[in-house]
Amino acid sequence: MSTLAYNAEEIGPRELKPALYELDGISRASVEAHYKLYQGYVSKRNEILRKLGAVDLSAANQVYSDVRGLKVELSFAIGGIKNHELYFEHLGGHGGDPSGAVGDLLERSFGSAAAWRADLKATGMAARGWAWTAYDWDEGRLFNYIGDAQNTFPVWNATPLVALDVYEHAYFLDYQTDRASYIDVFLENLDWDVVNDWVGRYGIPAR
Ligand SMILES: [Fe+2]
């Protein structure tokens, strides 16, 4: 299944890797509930695009119109898909300091992996939904961006490489309100091989 965001064809949810059911410190029940939310974003994306196909374009209005409502919420649904596909795909590893291209990128952009980790954790504590480590192609470096919802506040021409979900649904079952402990556990479950693979595939220059 592809997930091309503006393809009018229906898409399906990506399957979870088996390793996602055996994370260290994030329970299977929590991951299963989380996956159901992701499936919801996929089906709403399909529903919205279906409705956009039949919408009355001549009634477009900035205060309220079907075009406006559908397009605003499409950005939420698509954000929910992309964010969660990153999140699930790069979990299932053993965290620690990354080697390879990602290690070089983190060091070049933040000074050290420890400094990156501290900054990402603080960004996640300050966020209401997401914190992302992304490569900004104009700046030529990584930066930890903050997001309050699925569709806020991505920056153009930047490629996300780490997606930290800090919505309460990501951790409340296992950690109640202790988000800091969840973020520590998230970091320890990152699969750096997956992230290094993305760096290679996107052609991001490590140096
Ligand atoms: Fe989530």
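Predicted model: local features only at pLDDT ≥ 70, side-chain atom pairs only at ≥ 80, totals over all residues.

Biologist: Which protein atoms are the donors of the iron ion?

Modeller: Donors are N, O and S atoms within 2.8 Å of the metal (3.2 Å for Na, K and Ca), and as water is not among the atoms, sites may look incomplete. Here the iron ion has NE2 of H34, NE2 of H84, OD of D165 and NE2 of H169 as its protein donors, at 1.9 to 2.1 Å. Their spacing in sequence is H-x49-H-x80-D-x3-H. Within this set, H34 in helix 1 (residues 28-52) and H84 in helix 2 (residues 66-89) are 50 residues apart and link distant parts of the chain; helices and strands are DSSP runs numbered from the N terminus, helices being H or I with at least four residues and strands E with at least two.

Biologist: What is the geometry of the iron site?

Modeller: Four donors count as tetrahedral if all angles lie between 85 and 135 degrees; four count as square planar and six as octahedral if opposite donors are over 155 degrees apart and all others between 65 and 115; anything else is irregular. In this site the angles among the four donor atoms run from 87 to 142°, and the site is irregular.

Biologist: Are H34 and H84 buried or exposed?

Modeller: Buried means under 20% relative accessible area, exposed over 50%, and partly exposed in between, with a 1.4 Å probe and protein chains only. H34 is buried at 3%, and H84 is buried at 0%.

Biologist: Why do the buried residues of helix 3 line one face?

Modeller: In helix 3 (residues 100-110), the buried residues are V102, G103, L105, L106, S109 and F110. Seen down the helix axis they fall within an arc of 165°, so they line one face; the arc is that of the directions from the axis to the C-beta atoms. They pack against helix 4 (113-126), strand 1 (130-136), strand 2 (141-147) and helix 7 (192-202), where contact means heavy atoms within 4.5 Å.

Biologist: Which residues touch the most other members of the largest nonpolar core?

Modeller: A nonpolar core is a set of buried Ala, Val, Leu, Ile, Met, Phe, Trp, Tyr and Cys residues joined through side-chain atoms within 4.5 Å. The largest has 51 residues, of which Y87, W116, Y182 and F186 touch the most other members. A second, separate core of nine residues includes L52, L70, L74 and I78.

Biologist: Which peptide bond is cis?

Modeller: Most residues other than glycine have a negative phi, and most peptide bonds are trans. The bond joining T152 and F153 is cis, with omega about -20°, and F153 belongs to the loop between strand 2 and strand 3. N157 is found in the loop between strand 2 and strand 3, has a positive phi near 60°, and is partly exposed at 42% relative accessible area.

How values were computed: Residues numbered from 1 in each chain as written. Heavy atoms only, no water.
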